[in-house]
Amino acid sequence: MFKRIASLVLVVTILNTLPFIFLAALRGDVNGDDKVDIQDILALRDYIFNGNAPPEADVNGDGKVDIQDILAVRDIIFGISINEDGALIITVLDVGQGDSIFIVLPSRETLLIDAGESRYADGIIKHIKDAGFTTLNYVVATHPHADHIGGMAKVVEAFDVKNIYMPNVSHTTVSFEKLLDAIDAKDLTIKTAKARNVLLSNDYIQIEFIAPISDEYKNLNNYSAVLLITFNNKRFLLMGDAEVESEAEILQNYSDIKADWIKIGHHGSVTATSDDFINAVNPSFAAICVGKGNNYKHPSELILERLANLNCGVWRTDENGAVTFQSDGYTITVVK
Ligand SMILES: [Zn+2]
């Protein structure tokens, strides 16, 4: 009997809110009354318990409605962050079958990881300049494959680069030689991307390399610089093209690699994102840098399945284009 009344109340509640929900434009205005307040938190609580939430209830945009959405509404109510200042903003750029990730740190310093094939350089430069930046405080070339460093020489030439990190491995390709020339011309010294090297550390944000761990690998992909960003209580993992061999080393060397957000390794190939590894990371958000109709058939269905099993939201550059994620260190929001 009680159940019946409860579900009747629920139906009435849903019917009452339905017309408003679809009009809701304010982020966090879950109940559609044109303001963001404690009532929206109560509405979210109801959705969490009845498991029947409309898309608007997913305030932080991670594909599920849970306590994180309540925290997101709290932050909106109290004006904590999710404005430009003080947020970590990660844009996974669309560079076809390749990687380029532009990050604005809470201090407004900038970090660029990879720069796609050479033909994408102009687009990357434009994106960063349009965002208002002329300095790249940190540049990471994860490994010397052309789909990661092809556009890097031009990018280095276009900005005031403060620090550049690369793993200790060379490659006899034109794009690699060009990058070294560009670095030389700017009188920059290459810093080594290697596990345990710290890129940045202060009270609220730490950026550390957790791979490569070994000195030598057969496969160039496994030299990939892997970055772990810890911002308040959220963690972000950027895998480059690190494959299962590197993942196994990370698991052996780091007892806790749980992260909320991950840039999936090697474009979603089966040669990366092992079951053991992705289960240990257990992310809520995954970004895959992958080209539409690529010859490698990336991303692999198996990898997508592994992510789905973890209830992890997936954003793919071949389907979503460039995607921006924002975090205040307590919640993560998909901006686009
Ligand atoms: Zn690659």
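What percentage of the 336 residues in the protein do buried residues make up? The model shown is predicted, and in it buried residues account for 47% of the 336 residues.

**Overall build**

- The protein contains 11 helices and 17 strands.
- Its C-alpha trace spans about 75 × 40 × 40 Å along the principal axes.
- The radius of gyration is 21 Å, which agrees with the value near 20 Å that a compact globule of 336 residues would have.
- Among contacts with a separation of 6 or more, 63% are between residues 24 or more positions apart.

**Helix H4: the buried side**

- Helix H4 covers residues 121–130, and Ala-121, Ile-124 and Ile-128 are buried in it.
- Seen down the axis of H4, these buried residues fall within an arc of 65°, so they line one face of the helix.
- An α-helix has 3.6 residues a turn, so residues three or four places apart point the same way.
- The cover over the buried residues of H4 includes strand S2 (101–104) and helix H6 (152–158).

**Helix H4: the other side and the end**

- Lys-126, Lys-129 and Asp-130 are exposed, and they sit on the other side of H4.
- Just after H4 comes Gly-132, which takes a positive phi of about 95°.

**In brief**

- H4 has Ala-121, Ile-124 and Ile-128 buried, whereas Lys-126, Lys-129 and Asp-130 on its other side are exposed.

Technical notes:
Residues are numbered from 1 along each chain as its sequence is written. This is a predicted model: local features need pLDDT of at least 70, side-chain atom pairs count only at pLDDT 80 or more; totals for chains, interfaces and linings use all residues. Helices (H or I, at least four residues) and strands (E, at least two) are DSSP runs, numbered from the N terminus. The radius of gyration is taken over C-alpha atoms; the globule rule is 2.2 Å times the number of residues to the power 0.38. A residue is buried if 20 or more other C-beta atoms lie within 10 Å of its own, exposed if 12 or fewer, and partly exposed in between; C-beta atoms are placed from the backbone. Two residues are in contact if their C-beta atoms, placed from the backbone, lie within 7 Å. The arc is that of the directions from the helix axis to the C-beta atoms.
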